Amino acid sequence: MTGHDGRIAELLDEMTVAEKADLITGDGIWTTRAVERLSIPAMTVTDGPNGARGGGLMGTGTPTACIPAGSVLGATWDPDLLEELGALLGDESAVKGANVLLAPTINLHRNPLGGRNFECYSEDPVLTGVLAAGFIRGVQSRNVAVTAKHFVANDSEFERNTIDSQVDERTLREVYMLPFEYAVKEGGAWGIMSSYNRVNGIFASEHDWLLGTVLRDQWGFDGFVVSDWFAVRSTGPSIAAGLSLEMPGRGQWYGPKRIMEALDSGACDENDLDRIVVDMLTVLDRTGAFDGVGGGDEGQLDRVEDRALIRRAAAEGTVLIKNDGFLPLDTSSLSSLAVIGPNAQAAKIMGGGSAAVRPYRNISPLAALTDRFNIEVRHAHGCNIDRSTPPVGAPFISPLETEFFKGFDQSDAATASKAYETADFKFFGSPADGIDGGEYSFTATTSLTVDFTGPYELTLVQNGRTKVFIDGTVVIDATEGDFGRGDDFFGLGSGEITGVIDLTAGRSAEMEIHYSSEGGVMILGCKVGLRSLGKRDLISEAEIVAASADAAVVVVGTNDDWETEGRDRDSFALPGQQEELIRRVCAANPNTVVVVNVGGPHDMGWMDAPRAVLNIGFAGQELGDALVDVLVGDVDPGGRMPTTIPARYEHSPAYLNYPGENSVVRYGEGLYVGYRWFDARHIDPVVPFGHGLSYATFAWDNARVSGSGSTAFSDPVVIEVDVTNTSGRAGSDVVQLYVEPPPSLLHRPVRELKGFAKIRLDAGETGTVRIELNERSFAYFDPGDQFYDSIPDTSPVPRERGERHSEPGWYVTPGSYGLVVARSSVDHVAELPYLLNGNEFRIDP
Ligand code: BGC
């Protein structure tokens with residue numbers, strides 16, 4: 001027993017049942033309970049995958065580093081880079097006082113419409129798993145624990161709290177659980193977050209097979225499992241399955257009373273309880289909590305080198321999908337540039353929901369292009385894409401000076417004051433120092449200035465009671481009445497309440513918001529938006545701007561209201577009239593590049609129109625500058641598509657089995673997710689998995705394989721390729737290795753990604769990439785025939801006995817494999833035959 005294990009064993013011995021129950025039950029929304037008698041500290045956690053937000057909710061809280069969202073990280077194909085980014089988020093978690101970062105999100109892009117696709121890396125489990133392992137190593141190098149999430153089959157948001165994901169075991173093992181297996185075995189994850197959904201009928205948070213058999217017994221996981229927030233459904237079964245921590249506090253299913261009852265009634269076994277108590281003591285130990293790490297005031301880093309890293313990562317995840325030589329832009333030949341599109345002026349750097357953070361910086365493409373170019377930059381918005389009215393913010397308002405009062409009537413002096421950048425007030429608990437989370441009110445004052453004269457609709461969504469004044473006149477009074485329910489405030493907010501005002505371009509109006517928490521529950525506050533009602537032909541305005549410039553950059557996309565936790569998208573198309581905008585701008589000015597600023601896959605049926613297409617994704621706080629780096633060629637676009645873009649939504653693999661019905665989503669496409677489907681069905685995608693161009697050109701030579709050629713795998717199977725940069729500039733390339741299996745007992749995908757390597761080369765330089773495969777790279781999972789023995793053998797209807805495995809496991813079949821060295825799932829550069837001699841063999845799950 002090591003010293004640490006000894007301390008944990010001693011503490012376990014000394015703890016009462018009530019103290020054990022306290023330890024495994026959350027306290028606040030982001031903290032666990034301390035056991036003061038034994039000096040066991042509380043633990044602090046923070047969301048999430050693209051930043052360490054700290055104690056705030058969604059996009060509020062202490063400013064923090066905002067790295068690119070998961071789908072951009074997936075496009076980097078660079079686990080070392082993810083390790084660096086993980087280390088940065090480890091540092092950010094530490095300065096926010098957190099012991100645990102609730103990340104990475106490693107569910108898969110099963111369907112293009114999945115609301116959280118932006119958080120997840122890819123459609124491919126190996127790419128996701130290798131990247132996740134890098135990220136995890138980085139975070140944990142700072143003694144901050146991760147919780148790889150959401151375990152498992154949580155790949156869409158439809159009925160997310162209850163849906164039953166029905167997935168066969170083989171598909172779970174080979175596809176959806178595989179990233180988690182990498183997280184545990186290669187990343188050494190200290191934590192896992194169980195998902196909201198059911199898996200084959202059982203809630204993931206009490207799934208004995210998932211949390212016990214697979215995670216701990218088979219994979220050897222020795223960390224803690226935290227529930228997703230409010231996802232626990234039981235006491236005894238969850239403890240028995242190995243759910244170590246119920247979050248948030250104060251728990252509904254864990255906690256002393258419930259646990260005593262469960263022990264007394266026999267619904268819970270004390271040994272099971274002890275096991276998860278040890279999990280919690282272990283994570284406290286691993287993260288240094290026993291030595292005082294965690295908690296305290298939240299700080300900020302914002303280091304110069306972090307900005308540089310995030311900027312580099314954004315470019316490494318930018319995919320140059322199409323280029324006829326137009327990019328990099330030859331700035332010396334341009335005297336004017338049109339910058340057009342709904343996302344040009346306000347960059348969308350992240351998606352919505354628990355991943356949202358308050359970033360240190362957010363530079364829009366328009367601002368970055370204007371700063372860097374010494375030429376005339378003309379802007380047009382092009383079209384509106386708002387799903388719901390966004391909260392009003394800069395450049396239309398000055399900071400909202402906000403005074404907080406105890407109670408509702410504001411007769412005493414204000415207790416606290418703060419300034420806000422947008423009229424989006426959301427508070428869980430105390431909104432400001434000295435004010436508790438119960439009865440309070442605030443008044444926010446700002447000056448509102450628009451750039452277009454005409455009628456405007458002022459909008460309000462509230463959880464509480466609000467009045468909005470413009471120049472002293474009440475425009476919205478929502479202090480009495482029933483305003484219905486909308487989906488804001490996690491579904492607790494009112495419907496949209498509106499009032500109409502006339503505003504004059506350039507003339508400031510005073511706006512005052514009076515809010516009280518009266519009648520509100522849980523997540524309190526209000527959101528005030530502004531929408532022009534004027535008739536304006538934005539596309540025609542954009543055409544004129546485009547026609548008058550030497551070249552055009554069109555930034556299209558979505559935002560955190562379209563791509564968010566809690567809701568799937570309802571259309572594959574880019575929202576609003578963006579396709580028409582692209583086509584008309586390209587017609588007005590053929591020298592156009594389209595920049596796609598989205599989280600998940602969207603329709604790209606317009607690809608023929610522009611000369612070049614860049615997919616930048618939700619690229620984090622340095623998006624604007626990173627985009628300019630790539631547009632002008634200071635940096636090579638390093639990204640390769642992490643997910644296939646189908647020509648039509650109907651071509652996507654899960655189309656017929658999405659979103660689900662009668663509380664069930666059936667993963668009917670099985671293993672055939674992403675390119676596996678397109679290959680098997682001979683469907684041409686618009687953009688294949690793995691595709692991406694560089695500004696440099698590369699020759700691949702001498703692809704070779706070594707290895708014993710036997711199913712004994714006495715030597716590793718190593719593929720090497722010499723890569724030469726044949727261009728006059730530096731760039732990067734990604735060598736992808738797909739394995740094509742011989743006929744096997746079970747149906748198998750045509751080919752699957754099993755390894756990859758990214759290489760950066762200077763002009764003229766040659767390097768060698770090395771990809772190592774192991775026995776699992778050749779194996780498929782066979783759950784075995786579990787039915788044969790139960791079939792009655794009655795003459796004259798005998799039991800047919802085809803060939804089958806009776807024992808579940810990973811099987812490697814001898815025979816001729818193809819090792820495909822490729823630039824994408826469809827662009828194959830070399831195919832190396834690889835013969836595996838010997839006997840079929842089985843690997844334990
Ligand atoms: C999300 C998790 C997140 C948690 C805490 C849940 O709604 O699904 O990903 O970590 O909230 O914010």
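Student: How many disulfides does the structure hold?
Tutor: A disulfide is a covalent bond between the sulfur atoms of two cysteines. Here it is counted when a pair of cysteine sulfur atoms lies within 2.5 Å. This is a predicted model, where local features need pLDDT of at least 70, side-chain atom pairs count only at pLDDT 80 or more, and totals for chains, interfaces and linings use all residues. The number of disulfides held is zero.

Student: Is Cys268 buried or exposed?
Tutor: Buried means under 20% relative accessible area, exposed over 50%, partly exposed in between (1.4 Å probe, protein chains only). Residues are numbered from 1 along each chain as its sequence is written, and side-chain values use heavy atoms, with hydrogens and water left out. Cys268 has 6% relative accessibility, so it counts as buried.

Student: What is the relative accessible area of Cys526?
Tutor: Cys526 is buried too. Its value is 0%.

Student: What volume does the largest cavity have?
Tutor: A cavity is a set of points on a 1 Å grid over the protein atoms alone, where a 1.4 Å probe fits but cannot get out; lining residues have an atom within 4 Å of a point. Points are joined across faces, edges and corners, and a volume is the space filled by probe spheres set on them. The search finds five cavities of 30 Å³ or more. The largest holds about 180 Å³.

Student: Which residues lie closest to the centre of the largest cavity?
Tutor: The lining has 20 residues. The closest to the centre are Gly599, Gly600, Asn615, Met641 and Pro642.

How values were computed: On a 1 Å grid over the protein atoms alone, a cavity is a set of points where a 1.4 Å probe fits but cannot get out, and a pocket is an open set with protein on both sides within 12 Å along at least five of seven lines; lining residues have an atom within 4 Å of a point.
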